[in-house]
Amino acid sequence: MTDAAHSGSPPRSSILTPDARTRKRNAAEARFKYYGLTAVCLGLLALVVLLVSIAINGAGAFRQTYITLDVPLSAEVLDPEGNRNPADIARVISFGYDALIEDAMEAKMAEAGISIDGLDAGDAADIVSSEASAQVRYFVLANPEEVGTVREFDLLANGRIDAFFKGRVTMASAERDSNVSPEQLRLAEALKEDGALVQRFNWNFITNPDASDQRPEAAGLGVAILGSAYMMLIVLVLALPIGVAASIYLEEFAPKNRFTDIIEVNISNLAAVPSIVFGILGLAIFINWAGLPQSAPIVGGLVLTLMTLPTIIISTRASLKSVPPSIRAAALGVGASKMQSVFHHVLPLAAPGILTGTIIGLAQALGETAPLLLIGMVAFVREFPDAPPDGFFDPASALPVQIYNWTQRADPAFVERASGAIIVLLVFLAIMNTLAIVLRRRFERRW
Amino acid sequence: MPVFWLIVIIGLLAAGGYVSGRARALASADGDRRRLHSLPNFYGLNVGLSALVPALLLLILWTLLQPMVIDQRITSIIPDDAIPETSTRGLVMSDVRRVAGGLEGLVNLGVISEEEMSELSASDNDIRQSLAEIGVALGADVRPEVLEAAQSYREWSNRGTMAMTVCVLLVAAAGFVLAYLRTDRNLRARNIVERGILVLLVAAASIAILTTLGIVLSMLFESINFFRQYPAVQFFFGTNWSPNFRGNSDLGILPLLWGTLYISFIALLVAVPIGLMSAIYLSEYAGRRMRAVAKPMIEVLAGIPTIVYGLFALLTVGPLLRDYFAQPLGLGNSSSSVMTAGLVMGVMLIPFVSSLSDDIINAVPQSMRDGSLGLGATKSETIRQVIVPAALPGIVGAVLLAASRAIGETMIVVLGAGAAARLDLNPFEAMTTVTVKIVSQLTGDTNFASPETLVAFALGLTLFVITLALNVLALYIVRRYREQYE
Amino acid sequence: MNDMRLIERDSTMKDTKISARGVQVWYGDTHAIKDVSVEIADKTVTAFIGPSGCGKSTFLRCLNRMNDTIDVARVEGDIRIDGEDIYDRKVDPVQLRAKVGMVFQKPNPFPKSIYDNVAYGPKIHGLAKDRADLDGIVERALRRAALWEEVKDRLSAAGTGLSGGQQQRLCIARAVATEPEVLLMDEPCSALDPIATGQVEELIDELKENYSVVIVTHSMQQAARVSQKTAFFHLGDLVEYGETGQIFTNPQDRRTESYITGRIG
């Protein structure tokens, strides 16, 4: 045997039988893998819990309780002069319409044979939202010829009544609530049996403007969605050309010098500056110094533009970089100027990537809240802004700010609406991101 | 919107310049484009851009400078004795501006005519009333000095706007004419246009610098104002935060910094292990299908706006922690707490940490893995003893970036952490952060000269400096790390 | 027994350490190794030569199951070390790789100190009783890799700070420290300058006293200098396998001859 050569080496072991140490090490390996899997699952779990909790909280906002009543548009109340002059009719403010709704409710109860002990006519009519009188008034102002007739209206039910059918208000809690009584709830139940009170999909949530603290049932996202759309328009119009121009310069033309370095460092730092700092910038520069109006989409749009620029520049540079140098060389080779080679060849090839980056930047801007708080977009705005460009200077809200605004109000119905608004926001974001992914898939080129 | 129409006119002029410049160039070459130095389009662009760009630049510059110049003039008009004891020149000026804006609105709406306007005097009580009707609410009746100043303010602005319109149009026309006259078949139009475009590109790139400058200057000036009214030592080392809008506030930053750091610490405690481990699992262990599903799903977390996380903290996590942990353990009754905000912020940071770590782990060369596996190490031994130590600088950089994110995060803490500034160790207690206080001091009706409002700028500057330092450090570390393996 | 006769015999007659039969490897759809059978002797340097992409490195990586780390790779056939099938389900690749060490093309020291680089294997395999024992193992491995004299004063310096040749010898020391029985070397000198290459080749020559060394090389001169047996691979086939001297002076196959004389490769 050749034993001498083996001296010093450890006893040979078979690889077919794992030794104790290997078994231990494999157990550690399995444990480690299990930790990793746990981490992934925790991340996914967090996502699921987040989405489910928002969905559960917010789904209710899309269904609203309505009461159908035949409202007598009595001429004595609405047009005391009797000449159907719109100016005279307009003199009757919403408050004057309350009596009509009271009558309508009384008539409805009589017709359906509902009588509730301890519920007077005023309280009975209070199960209709106080927004209802305004709703009837707008109708009358738009159609003065209808005065004197009886019209059927789908009126919003009071927020507490709506909450009753969504389970937030119970008979027991109504006992203690000064805003709603058990009798009113019983009336609502009776009307539901009669078919006059229904729950249905609530388009008004998307289209209505915000409403005051007392009327969560009427609050909607109309102004906020329009405000956000205006800001996105401004961001798109400003950030895309500026971002692309800056990227082209840095990627294609910039000489390697101090100035370029400073710009590079600035861009990478701006991408990481907390968003609230941009809000301070907006407040100090655009509002206090340049004198632009508070709460206006123009200011929000400018602030979001500055915030989005680094994102767009970074993604645009990446897509410019991915265009192979041979394309540039080919263009220069046939006598195109550097500028022509960039604008005729490189930029079109990089366009899908630029677009994708822009959409993702816009999606980020759409969800941004903190800077908008500082430039006054939390203000209560009920008026729709005008059409652009004037509308850019009108007060407006924005989707994420509206959500924040609603979380600060007392009535729990606003919490439901905030969650509902988040669903709307997330749907917009999902659409934008899907668009970005589709663009990337469809036009992505591999060199 | 006269400015809007001004822009439209310049735009039309530019379009006209394009067409006529192109035509003139072709005409100078007798319609034979081969005899031109550049393509016909370049001659058109030359004229168009000459009309458009200088005029637009002037417009922008004028719009920025006019308010400053006018402010300067008007401020000197206001006599010193017209400034009340309790107020400052700046406050009076903002009143003047608002009144002037209101008067302008009244004239535009036709409520009063231009003649009536010049005869207005402060004794007319209805000025405040009429202003309120068009949405300009004033705290007190308009004093004669203010009205006078407001009127000259309005006059100056109107004059300025007029002058601007004339100047801008002149510049546009001059640019048009000059470029048009120079148009000739031998003009090197392409070179001129390309140089012009290059200048525009440089200008676009410089906006990054301007933004940073704007951020720093806007916060620096107001912070200096703040430190004139409130001692810096008390601000940086004060342990008490209790703003009081009647004055005599304690504005110590330490409780806010403590809350910020405590919450960020908890967030990192959640995000770093989970983010890092899931990055390791997905890049080293998971099969292709699992990776294709799980990775984008975790990245979805990064696309969710922070307001959504804020509401999640407020509605779900906060009450859950209070009912199942804080109250049974007797640690507190608040649903907004350091723990709530920290946990939710941690979830928000998971995708951030995991995608950064993923990049960093993938940057470790395969040969390093082979070397370890070839020696008979298991995968986990390779990861823990070779890959992670090799990637450590990068991971530290990623954690610093995540920390800077956490420190600057606003909406989650506004909705989840509470508003009480305190120095406490109990994580189930509500605490507050620098960002929350910036929001609360700058929203609502505040007097822009009081230290209670100005402190927000000092807070913002502190926040900016801290996050900037973290970012610069992190970017430096990450860059050094990448260079090591390139 | 007839010990004397064994020793006198030529190297072909040494104990067989690894025997591979009918080995096939696929990378996805690519058939990288086609039915290769080879017997590798103990205490011998065996060289795998052949043009780029011929499968020699792939085959080498089969011998310690490094191909397991590549998702798309599939190995068929029978490879035995000391008569034990290394692709048996019961075999733990970790234990196998402790027995079959590997040195790679590019020096790949870990970003740790020189000491920790060498001690890494012994630590994970639990070869050292205590610190002193570990010190001994590290010193022996470094001496065996002919690096001890150069680094003994700076064991705590980073391994990545060494020169290319030193790094590769550090990697060899690292592989040797786990006391393997077979040492696989995948073009260990391709990233080194001629002087460092000379040092490593000298080292390989010494290593064969204790190990069975398998070396993949691009350089025929190197194969001729260091190996006793040579296998020539071409397009995934093992074309010829035999005594190094015979392969280089009297190749049996036309393809081998073309390669040696420089017509293919």
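Student: Hey, how many C-beta neighbours does C:Asp82 have inside 10 Å?
Tutor: C:Asp82 has 17 C-beta neighbours inside 10 Å, so C:Asp82 counts as partly exposed. A residue is buried if 20 or more other C-beta atoms lie within 10 Å of its own, exposed if 12 or fewer, and partly exposed in between, with C-beta atoms placed from the backbone.

Student: Before I go on, what kind of model is this?
Tutor: This is a predicted model, where local features need pLDDT of at least 70, side-chain atom pairs count only at pLDDT 80 or more, and totals for chains, interfaces and linings use all residues. Residues are numbered from 1 along each chain as its sequence is written, while chains are lettered from A and ligands numbered from 1 in the order in which they are written.

Student: New topic, helix H4 of chain C. How many of its residues are buried?
Tutor: In helix H4 (residues 114-125) of chain C, 10 of the 12 residues are buried, so H4(C) is largely enclosed by the rest of the structure. Among them are C:Ile114, C:Tyr120 and C:His125.

Student: What covers those buried residues?
Tutor: The cover of H4(C) includes H14 of chain B, along with H3, helix H5 (131-144), helix H6 (148-151) and helix H7 (164-177) of chain C. After H4(C) comes C:Gly126, which has a positive phi near 65°.

Student: What about helix H8 in chain A, how many are buried there?
Tutor: Seven of the eight residues of helix H8 (residues 159-166) of chain A are buried, so H8(A) is largely enclosed by the rest of the structure. A:Arg160, A:Asp162 and A:Phe164 are among them. The buried residues of H8(A) pack against strand E1 (63-72), helix H10 (182-194), strand E3 (197-201) and helix H20 (412-443) of chain A. Just after H8(A), A:Gly167 takes a positive phi of about 90°.

Student: Let's do chain contacts. How many residues of chain B are in contact with chain A?
Tutor: 73 residues of chain B are in contact with 72 residues of chain A. Two residues are in contact if their C-beta atoms, placed from the backbone, lie within 7 Å. Helix H7 (residues 189-229) of chain B gives the most to chain B's side, with 20 residues. That side divides into 49 nonpolar, 19 polar and five charged residues. Ala, Val, Leu, Ile, Met, Phe, Trp, Tyr, Cys and Pro count as nonpolar, Asp, Glu, Lys and Arg as charged, and the others, Gly among them, as polar.

Student: How many residues of chain C are in contact with chain A, then?
Tutor: 15 residues of chain C are in contact with 12 residues of chain A. Helix H3 (residues 93-99) of chain C gives the most to chain C's side, with four residues. On that side there are five nonpolar, two polar and eight charged residues.

Student: Last one: at what angle do H12 and H14 of chain B pack?
Tutor: Helix H12 (residues 338-363) of chain B and helix H14 (residues 379-408) of chain B pack at about 150°, with their axes 9 Å apart. That makes H12(B) roughly antiparallel to H14(B). Axes are lines fitted to C-alpha atoms, for helices over the stretch in contact, and angles run from 0 to 180 degrees between N-to-C directions. Angles under 35 degrees count as roughly parallel, over 145 as roughly antiparallel, 65 to 115 as roughly perpendicular and the rest as oblique.

Student: Which residues in H12(B) meet H14(B)?
Tutor: On the H12(B) side they include B:Met345, B:Phe352 and B:Ile360, and on the H14(B) side B:Ile387, B:Gly394 and B:Arg405 are among the partners. By class, this contact has 15 nonpolar, two polar and one charged residues.

Methods: Helix = DSSP H or I, 4+ residues; strand = E, 2+ residues; numbered from the N terminus.
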